Amino acid sequence: MDKATKMILFSLLLADVCSLVFCEEWKAKVVNNLEALVDSCVVVPCSFSHPRGTLPTSRLRGIWHHKSNKNQIIYHSDDSKIKDSFKERTKLLGALGQSNCTLEIMPVKDHDNGPFCFRIELVKTDNNDPTTDMFSFVEDCVEIPMLHEPPKPKMGPLKTAIIGKPYTVMCSVHHTCPSHMPVLTWNKGAKEDVIHIHKDLHNGKWEMASVLMFIPQEGDDDTELTCTAVFHEGLSSLTSLKLNVKNVQNYNHIIIPIAVTLATALLFGGLFVFMMKKYK
């Protein structure tokens, strides 16, 4: 067998081998580290691609498992395959047919640290059995450090309030559960005085903010303004600040006479200089 024939046969063999999943490209994008509040919930953003291109959700099976052991499953469409300590606590928020493998854990337990990895399997439509096309993204897994106390909201800007003039202050708190956002409340003002803003900070982190606007009145100085954050399942934290309220005095009765006096003095001073020059 000559060299050219050997090269052709090698190329054909390589093509056959690369038609298998091991030579094709599987990709996943998973947040690597995401804090979670114990007894609340956490949402792990996840997206993926597979060598078969776009397929309906019915042809795809998404699984989440421990990195050290793919048989320790924390999410599966077949509930009987899920590890007992995770049953009824995990679900996919995204549609697999849209390459969305986002995972929600609720409520979070203090042993949910991970690392957890996503696995995709292509299944047969007739009996839902897996095909040979499957892949675990063990290089893209999430670790979940636990928060045992809810984070305190931040308030600001700390500026002096003026009686009778609109005053605005903002309260914000970070979280990792956009499916059950924390609720921010104030001890002052009505609902119509408050604007809520939910912001995606990316990589699984979110910020809930509340902006309060009110008009300070007499007696508001040194009163306590409190913002309370209530997380899923009722966990709460709060932050307070004392209002520094000032009253702007009307000094026109002083300023106007002084201004008139100065103007008069300048006028007569100018005339005096002019007359002196003319006299000379």
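Predicted model: local features only at pLDDT ≥ 70, side-chain atom pairs only at ≥ 80, totals over all residues.
A search of the whole structure returns seven aromatic pairs. One of them joins Phe 48 and Phe 118, with 5.5 Å between ring centres and 45° between planes, a tilted arrangement. Phe 48 belongs to strand β4 (residues 46–49) and Phe 118 to strand β9 (residues 116–123), so the pair ties together parts that are 70 residues apart in sequence. Both Phe 48 and Phe 118 are buried. The ring centres of Tyr 167 and Phe 214 lie 5.5 Å apart; their planes meet at 65°, so this pair is edge-to-face. Tyr 167 is in strand β14 (residues 167–175) and Phe 214 in strand β17 (residues 205–214), so this contact ties together parts that are 47 residues apart in sequence. The charged end of Lys 159 sits over the Tyr 167 ring, 5.7 Å from its centre.

Phe 48 and Phe 118 also belong to one aromatic cluster with Trp 26, Trp 64, Phe 135 and Phe 137.

An open sheet is built from three strands, ordered β3-β8-β7, with antiparallel pairing. Strands β3 (42–44) and β7 (90–92) stand at the edges with a single partner strand each, so one side of each is left without a neighbour in the sheet. From one strand to the next, the twist averages 20°. Three bridges link β7 to strand β8 (residues 103–105) in the antiparallel sense. Thr 90 stands opposite Ile 105 in β8.

Key. Residues numbered from 1 in each chain as written. Heavy atoms only, no water. Pairing = 2+ DSSP bridges. Helix = DSSP H or I, 4+ residues; strand = E, 2+ residues; numbered from the N terminus. Axes fitted to C-alpha atoms, helices over the stretch in contact; angles between N-to-C directions. Phe/Tyr/Trp six-rings, centres within 6.5 Å; stacked < 30°, edge-to-face > 60°. Buried < 20%, exposed > 50% of the residue type's maximum accessible area, 1.4 Å probe, protein only. Lys NZ or Arg CZ within 6 Å of the ring centre and 35° of its normal.
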